Amino acid sequence: MQSLKLTFKGNKHSRPSDSSTLPLSNSDMRSPPSRFSLTRRCTRLLMGLILVCLFLFFSRTKATVPSWLQEQSLTEEHSLPPLYEVYHDYERHLPQHNLSLPFPEGRDAKFFWAANHVTSSGWGNAMQELVMNAALAHATKRAFVFDNFTWERNAVDYSTFNGKLIPSRIPLSAIISGPIIGSPFPPRDAAPRAVSQEYFKKVCPNPTIIDSWDLNEHLRLDNNVPALQIFEKWVEKLNSIDDPCVEIKQESFQLFEIWLFGSKRILSIWPILSRSPILTDFSWSPLILQAYAENAHLFAPSSFRFLPSFMSPSGQPPTPTTLHDVHPILKSKGMDPVTGLLALHIRRGDFASHCSHLANWSSDWNGFNKFSALPDKFRVPTDGGWGETTEANTDMYFKACFPTIEQIVEKVQNVLADQRRLYGSAKKLKSIYIMTNGDVEWLQQLKEALMHVKKWDAVVTSRDLTLSWEAKPVAQAVDMLIGQRAQVLIGNGFSSLTSNIVMLRMVGNLPPDNTRFW
């Protein structure tokens, strides 16, 4: 049963996250109450009763329950965000959590636990580090020890972000599937399967603890040190340790930090990463794939053929086993792009101040947005940095980081022209999906402006999706799946959410010319 314990320890903001949302409020537009009006509490109770009666009526008469009523009923039923107890329990009972298994698992297994993994950051930042840590464990034939996607380690159940209650910890099986969270590696791969941190702490009460500073002190901030060199140093370090239980000190710097991912240094690891089953067998979770399937009619009516039958709109409801399974359902190379779909990643809200900060410090695009095969480039200005820059430089950064409606329209027009040049009339873009945290009024203005470019079949945004109670806190991953599958992506070069999508598109061998940036 869901716990009702609430722990408020203040907002945790390390840097703008790709999961941020803008709370909408009509509190300034309230009318004076009528003398005959019901109290707010009575009104809510009455409306709730009416909704329940309507829902029971449709259920008993076997009529189709309207989608708006289903959504409202879910909202009334769940006043708190989900805690994903069933997902946690599934991870807790993975079959590899068994000491009697033969080598390389069981009593002879070796483990790697990065207790210092990033927290209080968006899913984009968490995912890029997660992939690297898992790839390191695989390279050293140690079982990767996975943890939750964590906003706040010490909160009992909930934290707050942007004034809203959020789960402090979300199990990874609600977001992804594949070897990172315990599915088997391909045949003839001798690496042990990943295990949960709960199991690791049970079988490794006294691990060898390493401070990342011991190895990374002179490597982490040196722009001349590529990611591959850091990776190889850690492979050598872990292979030199006889203790099967290795843990990175929680209070130490991450092994692979944002400074590394925020530069082209990270590209040196691509030959290893692109062939690692950590990426080649990566898949989104059944929950994310199901959320995609339930909304695909908005922008891609014929995109169900790649999904299991239980995820199609007319399919049978999934069983708990299928919904929480860690085995990859859809790998990148088996994922066909959605023909005619243009995905736009447009950050608003907190990203305005972040873009200003990037300009003042002459920051570069995230490294995985700088593959040489990608057509759009960003040149860091040489006449700024260290906290100040010119007005011209700031304008340049905002065009790439926080574009106006006019700049968005101009870029879409240019991409349409490039698509005609590359493919003629063979691969026309017909629909737009906008990954965004923008407010509804601004997005409506953007939609109207885009409809003047051409007559699109649909212009849909993140705000238009209908998501289940459990899918709402992980909606960023739904956006990422749509961006990954789009025929063409226009992303934000400074965003880790975009760079993870680009990474998956490159693994899936999508044409580089179809991955663009503002």
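This is a predicted model: local features need pLDDT of at least 70, side-chain atom pairs count only at pLDDT 80 or more; totals for chains, interfaces and linings use all residues.

What is the handedness of the crossing of H17 and H18?

Modeller: The crossing of H17 and H18 is right-handed. On the contact itself, H17 contributes Gln476, Met480, Gly483 and Gln484, while H18 contributes Leu497, Asn500, Ile501, Leu504 and Arg505. Sorted by class, the residues of this contact of H17 with H18 comprise four nonpolar, four polar and one charged.

As for the geometry, two packed helices are described by the angle between their axes together with the distance between those axes. Helix H17 covers residues 475-485 and helix H18 covers residues 496-507, and their axes come within 9 Å of each other while crossing at roughly 45 degrees. H17 is therefore oblique to H18.

The axes of helix H13, which is made of residues 351-360, and helix H14, made of residues 391-401, come within 9 Å and cross at roughly 135 degrees. Because of that angle, H13 is oblique to H14. The crossing of H13 and H14 is right-handed. Here Phe351, Ala352, Cys355, Ser356, Leu358 and Ala359 of H13 meet Thr394, Tyr397, Phe398 and Cys401 of H14, and by class this contact of H13 with H14 holds eight nonpolar residues and two polar ones, with no charged residues.

To place these pairs in the whole, the chain has a secondary structure of 18 helices and 16 strands, and of its 518 residues 52% count as buried. Among the contacts in the chain with a separation of 6 or more, 79% are accounted for by residues 24 or more positions apart.

With a relative accessible area of 1%, which is under 20%, Ser177 is buried. Its side chain reaches the backbone oxygen of Trp284 at 3.2 Å. If its neighbours within four places in sequence are left aside, the residues in contact with Ser177 include Asp281, Phe282, Ser283, Trp284 and Ser285, and also Asp325, Val326, His327, Pro328 and Ile329.

Two further residues belong to a loop. Glu105 lies in the loop between helix H3 (85-92) and strand E1 (111-114), and Asn98 also has its place in the loop between H3 and E1. Glu105 is buried, with a relative accessible area of 11%, whereas Asn98 is partly exposed, with a relative accessible area of 30%. The C-alpha atoms of Glu105 and Ala191 are separated by 8.8 Å, although these residues are 86 residues apart along the chain, and, neighbours within four places in sequence aside, Glu105 is in contact with Gln96, Pro192 and Arg193.

How values were computed. Residues are numbered from 1 along each chain as its sequence is written. Side-chain values use heavy atoms; hydrogens and water are left out. Buried means under 20% relative accessible area, exposed over 50%, partly exposed in between (1.4 Å probe, protein chains only). A polar contact is a pair of N or O atoms within 3.5 Å; within protein, one must be able to donate a hydrogen and the other to accept it, and residues adjacent in sequence count only if both atoms are side-chain atoms. Contact means heavy atoms within 4.5 Å. Axes are lines fitted to C-alpha atoms, for helices over the stretch in contact, and angles run from 0 to 180 degrees between N-to-C directions. Helices (H or I, at least four residues) and strands (E, at least two) are DSSP runs, numbered from the N terminus. Angles under 35 degrees count as roughly parallel, over 145 as roughly antiparallel, 65 to 115 as roughly perpendicular and the rest as oblique. A crossing is left-handed if the near helix is turned anticlockwise from the far one by less than a right angle, and right-handed if clockwise. Ala, Val, Leu, Ile, Met, Phe, Trp, Tyr, Cys and Pro count as nonpolar, Asp, Glu, Lys and Arg as charged, and the others, Gly among them, as polar.
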